[in-house]
Amino acid sequence: MTTTSSGSSYVLGHADVEVQRLLLQGRLYDSYTEHALQLAGLRPGMRVLDIGSGPGNVSFVAARLVGPTGCVLGVDAAPAMVELARRRAAEKGFSTVRFTQATIDAIELDEPVDAVIGRLILMHLPDPVAALRRLSSFVRPGGVIAFSENDIAAARSVPDMPLFGQVIPGIVRAFEAMGLSARFGTTLHTIFADAGLGAPQLTLGAPIGTAADTDILAYGAAVWRLVSPIAQQGGFAIDEVADIDNFVPRFREEALAANALITMPPIITAWVRK
């Protein structure tokens, strides 16, 4: 586990299977993050600080928006994640993106940035309000503060699918058992306000598809794989998907039979101008 701020830990870990889940998460959510950051005001030439940068997905999104005249600094507390992000940046040719290892409490900058951003990081902090207040101090007057969090409980299928209807509440319950809010995204407006940033603007995006969308099915399996030990310990495991390798075939079969439309957990982005 990785310390993200004094007294906090990223409870989801950083094993290889979690890295693969984060990369898959990027494929599903990066376009919605890019749209949100465009709305928030990221523009060419801006200097951006990405908090909890992980394997670099959001930093790369920001780098595309700020272009060759801008720059992005990704900060993560896990040395292995920082090294992975650096390798990926080199492979993708992102010369304007740097990554460094630091906890939030230890971040120091030589000069203010034009924007501070982060995705699915505030929910892991013991005091997200205090963290957001500190991070906003790095931003120049008129700069952008934008953070994205999800609402796991809002995932749904139309029509309802029995197995899907068991798995989503199971994931929500597992997150809560780990001390994480499964609906953290719905609290962003209060966190911004409590941090003294006023009422933020908000937008929402959610991957949506059918049984033909392999990434959506795979992501469901990846998240269930992540939380299934918690479900087993808590006594709310689901027998039908006890075999993780059978998860995707079972969901595809159910979705095909229902001709279902599947909506994954929406990502909610809040932003303000300082």
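## Asp114 and strand β4

The backbone nitrogen of R47 lies 2.7 Å from a polar atom in the side chain of D114. This distance, like every other value in this report, comes from a predicted model. D114 is located in strand β4, which covers residues 113–119. Its relative accessibility is 15%, so D114 counts as buried.

Leaving aside residues up to four places away in sequence, D114 touches G45, M46, R47, V139, R140, G143 and V144.

Strand β6 spans residues 156–158 and includes S157. With a relative accessibility of 4%, S157 counts as buried. The side chain of S157 takes part in two polar pairings. It reaches the backbone oxygen of P159 at 2.9 Å, and a polar atom of the S157 side chain lies 3.2 Å from the backbone nitrogen of M161. When residues up to four places away in sequence are not counted, S157 touches F164, L261 and I262.

V158 is also placed in strand β6. In contrast to the buried S157, V158 counts as partly exposed, at 44% relative accessibility. Together with I208 and L261, V158 forms a nonpolar patch on the surface, and the accessible area of these residues together is about 250 Å².

## Nonpolar cores

The largest nonpolar core holds 68 residues, and within it F147 and W224 touch the most other members. Not counting residues up to four places away in sequence, W224 touches V167, G170, I171, A231, I238, V241, I244 and F247. Apart from this core lies another, of 24 residues, which includes V48, F60, A85 and V144.

## Salt bridges

Side chains of opposite charge can pair when their charged atoms come close. The count of salt bridges in the model comes to 8. One of them joins the side chains of R86 and E83, with an N to O distance of 2.8 Å. R86 and E83 are 3 residues apart in helix α3 (residues 79–92), so about one helical turn separates them. R86 is partly exposed, with a relative accessible area of 38%, and E83 is likewise partly exposed, at 38%.

Another salt bridge links D151 with R183, whose closest N and O atoms are 2.7 Å apart. D151 lies in the loop between β5 (139–150) and β6, whereas R183 lies in the loop between α5 (162–177) and α6 (188–194); the pair therefore ties together parts that are 32 residues apart in sequence. D151 counts as buried, at 5% relative accessibility, while R183 counts as partly exposed, at 42%.

The side chains of D245 and R225 also meet in a salt bridge, at 3.8 Å from N to O. D245 lies in the loop between α7 (214–234) and α8 (247–258) and R225 in helix α7, so this pair ties together parts that are 20 residues apart in sequence. D245 is exposed, with a relative accessible area of 62%, and R225 counts as partly exposed, at 37% relative accessibility.

Terms used: Residues numbered from 1 in each chain as written. Predicted model: local features only at pLDDT ≥ 70, side-chain atom pairs only at ≥ 80, totals over all residues. Heavy atoms only, no water. Helix = DSSP H or I, 4+ residues; strand = E, 2+ residues; numbered from the N terminus. Buried < 20%, exposed > 50% of the residue type's maximum accessible area, 1.4 Å probe, protein only. Polar contact = N/O pair within 3.5 Å; in protein donor to acceptor, adjacent residues only side chain to side chain. Contact = heavy atoms within 4.5 Å. Patch = residues over 30% accessible without salt bridge, like charges linked within 9 Å, V, L, I, M, F, W, Y side chains within 5 Å. Areas by Shrake-Rupley, 256 points an atom, 1.4 Å probe, with all protein chains shown as cover. Salt bridge = Lys/Arg side-chain N within 4 Å of Asp/Glu carboxyl O. Core = buried A, V, L, I, M, F, W, Y, C linked by side-chain atoms within 4.5 Å.
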